[in-house]
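Good morning, colleagues. Please keep the sequence and the structure in view while I speak.

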Amino acid sequence: GDPSVAVDAVSALALGYAVAVDALDGPAFADLFTDDGELWVPDLSGGGAPTIRRAGRDQLLRIPSGLARYQATHHAVRAATYDIAGPTATGEVDGVAHHLLADDTGPGGVDVIWLLRYADEYVNTDGGWLISRRVLLLRAIEERRVPHLGPGR
């Protein structure tokens with residue numbers, strides 16, 4: 001197929017991931033992955049390496065609800081490169097994730113900002129391109145006071 005069509009399709013997965021996570025939409029999130037798809041996330045208690053594996057639809061469905069403790073999250077894709085090789089592809093997606101926490105000091109709160117890179121593997125299935133493996137590589141965490149938080153989700 002046309003490589004530009006494949007790039008559009010895999011880049012849509014990165015955007016769909018951001019939207020599904022921010023909406024706490026487990027089914028939409030899991031739908032971005034193959035049935036045996038994997039997400040590797042950082043172990044913050046173990047130095048931040050991506051050693052925690054979530055795999056398969058049942059585990060992936062529950063990922064977004066883990067962010068429900070935040071007033072809101074905002075995941076943004078900043079840059080991405082993709083390498084299409086027939087029915088498979090790899091990608092590196094740079095992004096930033098804002099995790100907004102309300103506190104009892106007034107209308108504001110804390111923004112926990114993750115600078116991150118996703119190392120992705122994709123496969124073109126009968127249902128289109130899907131993520132087969134995504135590894136979340138944490139670059140830095142910053143915390144910032146914010147003077148006002150909106151109504152949340």
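The largest pocket holds about 520 Å³ of space. A pocket here is an open set of points on a 1 Å grid over the protein atoms alone, with protein on both sides within 12 Å along at least five of seven lines, whereas a cavity is a set of points where a 1.4 Å probe fits but cannot get out; lining residues have an atom within 4 Å of a point. Grid points are joined across faces, edges and corners, and a volume is the space filled by probe spheres set on the points.

This is a predicted model, in which local features need pLDDT of at least 70 and side-chain atom pairs count only at pLDDT 80 or more, while totals for chains, interfaces and linings use all residues. Residues are numbered from 1 along each chain as its sequence is written, and side-chain values use heavy atoms, with hydrogens and water left out.

Which residues lie closest to the centre of the largest pocket? Of the 23 residues that line it, they are Val 41, Leu 67, Arg 69, Trp 114 and Leu 136. Two or more lining residues come from each of α1 (3-22), β1 (33-41), β2 (52-55), β4 (88-102), β5 (109-125) and β6 (128-146). These labels follow DSSP runs numbered from the N terminus: helices are H or I with at least four residues, and strands are E with at least two. Strand β5 supplies the largest share of the lining, 4 residues. By residue class, the lining divides into 17 nonpolar, 3 polar and 3 charged. In this scheme Ala, Val, Leu, Ile, Met, Phe, Trp, Tyr, Cys and Pro count as nonpolar, Asp, Glu, Lys and Arg as charged, and the others, Gly among them, as polar.

I turn now to the strands. Two strands are said to pair if DSSP finds at least two bridges between them. Strand β1 pairs with β6 in the parallel sense over 4 bridges, and Glu 38 has Arg 133 of β6 as its bridge partner. On β2, by contrast, β1 runs antiparallel, again through 4 bridges, and Val 41, already named at the pocket centre, stands opposite Ile 52. Strands β5 and β6 run antiparallel and are joined by 17 bridges. Trp 114, also from the pocket centre, is the bridge partner of Ile 141 in β6. A hairpin of 2 residues joins β5 to β6.

How enclosed is β1? Because 7 of its 9 residues are buried, β1 is largely enclosed by the rest of the structure. Buried means under 20% relative accessible area, exposed means over 50%, and partly exposed lies in between, with a 1.4 Å probe and protein chains only. Asp 35, which is found in strand β1, is exposed, with a relative accessible area of 68%. Leaving aside residues up to four places away in sequence, Asp 35 touches Gly 56 and Arg 57, contact being heavy atoms within 4.5 Å.

Next comes the nonpolar core, a set of buried Ala, Val, Leu, Ile, Met, Phe, Trp, Tyr and Cys residues joined through side-chain atoms within 4.5 Å. In soluble globular proteins, nonpolar side chains tend to be buried together. The largest core here has 29 residues, of which Leu 13, Tyr 17, Phe 29, Phe 33, Leu 39, Tyr 122 and Trp 129 touch the most other members. Two or more core residues come from each of α1, α2 (26-30), β1, β4, β5 and β6. Helix α1 gives the most, with 7 residues. Leu 13 touches Leu 32, Tyr 122, Trp 129, Leu 130 and Ile 131, not counting residues up to four places away in sequence.

What of enclosed space? The count comes to 1 cavity of 30 Å³ or more, and the volume of the largest cavity is about 60 Å³. Its lining includes Ala 14, Tyr 17, His 75, Asp 94 and Arg 134. Elements giving two or more residues to that lining are α1, β3 (72-85), β4 and β5. The lining of the largest cavity divides into 8 nonpolar, 2 polar and 2 charged.

Finally, a point of backbone geometry. Most residues other than glycine have a negative phi. Leu 24, although not a glycine, has a positive phi of about 55°. Leu 24 is found in the loop between α1 and α2 and is partly exposed, with a relative accessible area of 27%.
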